[in-house]
Amino acid sequence: MSLYLPALLQAIQTRLSGDATLLTYLGTGTATAISTTFGFPAVDPMGTTYPRICIMPISETPDDPFKSRRSLIGIDVMIYAVETPQSGGTGANAQTSLATMLRIHERVMGDFPDQSTSIPSYGLDWWTPDFTAQTGLAATTYASETMVFTGFTNETDTEGGLRCFRISFSVGLNKRSA
């Protein structure tokens, strides 16, 4: 894993965790439902609360122009929710409605089309991650380009009874000039 991926994932997690409306839709009111850990039912710890969001890097394509290093990073934001209630369907295992899933999806995407400046007030599409608040080499060495939505899939896990909305983004990272 490249040294800037942890900083990028942290910036995305911080952005989503700062959205109080999104946290309300997740049903927790806290950022614990947004993580950068693998979000597969087979490895989820017992008692995991749904819906939840997992942020994962899925690809990196290096681009080495003449004087700087640039990488194009693919990021998946996965929204997991219970599709089939388990053990009576209460609490953490309660069924999540499609309407709630779509509201969460809308908050992750953001409101950039509604903004005259095309800078979203929430969400990830057309948002530019900022590493300056972070410590370490990534904060001083790399600059981010604007994140762009690249696709959406709706998946189901029939064994685990979960539904996954997978929202894909692409973001370029550039090494700052010396």
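Where does Asp 125 lie? Asp 125 is found in the loop between helix H3 (98-109) and helix H4 (137-141), where helices (H or I, at least four residues) and strands (E, at least two) are DSSP runs numbered from the N terminus. The model is predicted, so local features need pLDDT of at least 70 and side-chain atom pairs count only at pLDDT 80 or more, while totals for chains, interfaces and linings use all residues. Residues are numbered from 1 along each chain as its sequence is written, and side-chain values use heavy atoms, with hydrogens and water left out.

Asp 125 is buried and yet has no salt bridge, the nearest side chain of opposite charge being that of Arg 15, 10 Å away. Buried here means under 20% relative accessible area, exposed over 50%, and partly exposed in between (1.4 Å probe, protein chains only); a salt bridge is a side-chain nitrogen of Lys or Arg within 4 Å of a carboxyl oxygen of Asp or Glu. For charge, Lys and Arg count as positive and Asp and Glu as negative, with His and the chain ends not counted. The side chain of Asp 125 does reach the backbone nitrogen of Phe 149, at 2.9 Å. Setting aside residues up to four places away in sequence, Asp 125 touches several others, among them Val 108, Phe 112, Met 147 and Phe 169, contact being defined as heavy atoms within 4.5 Å.

Salt bridges do occur elsewhere, and a search of the whole structure finds 4 of them. In one, the side chains of Arg 70 and Glu 145 meet at 2.8 Å, N to O. Because Arg 70 lies in strand S3 (residues 70-82) and Glu 145 in the loop between strand S4 (142-144) and strand S5 (148-157), this pair ties together parts that are 75 residues apart in sequence. Arg 70 is partly exposed at 22% relative accessible area, and Glu 145 is likewise partly exposed, at 25%.

Arg 166 forms a salt bridge with Asp 76, the closest N and O atoms being 2.9 Å apart. Since Arg 166 lies in strand S6 (residues 162-175) and Asp 76 in strand S3, the pair ties together parts that are 90 residues apart in sequence. Arg 166 counts as buried at 19% relative accessibility, and Asp 76 is buried with a relative accessible area of 3%. Arg 166 also forms a salt bridge with Glu 155, where the closest N and O atoms are 3.0 Å apart.

The side chain of Arg 163 makes a polar contact with the side chain of Asn 154 at 2.7 Å, and the side chain of Arg 163 reaches the backbone oxygen of Glu 155 at 3.4 Å. A polar contact is a pair of N or O atoms within 3.5 Å; within protein, one must be able to donate a hydrogen and the other to accept it, and residues adjacent in sequence count only if both atoms are side-chain atoms.

Turning to the cysteines, the count comes to 0 disulfides, a disulfide being a pair of cysteine sulfur atoms within 2.5 Å. Cys 54 is in no disulfide, and the nearest cysteine sulfur, that of Cys 164, is 8.3 Å away. Cys 54 counts as buried at 0% relative accessibility, and Cys 164 is buried as well, with a relative accessible area of 4%.
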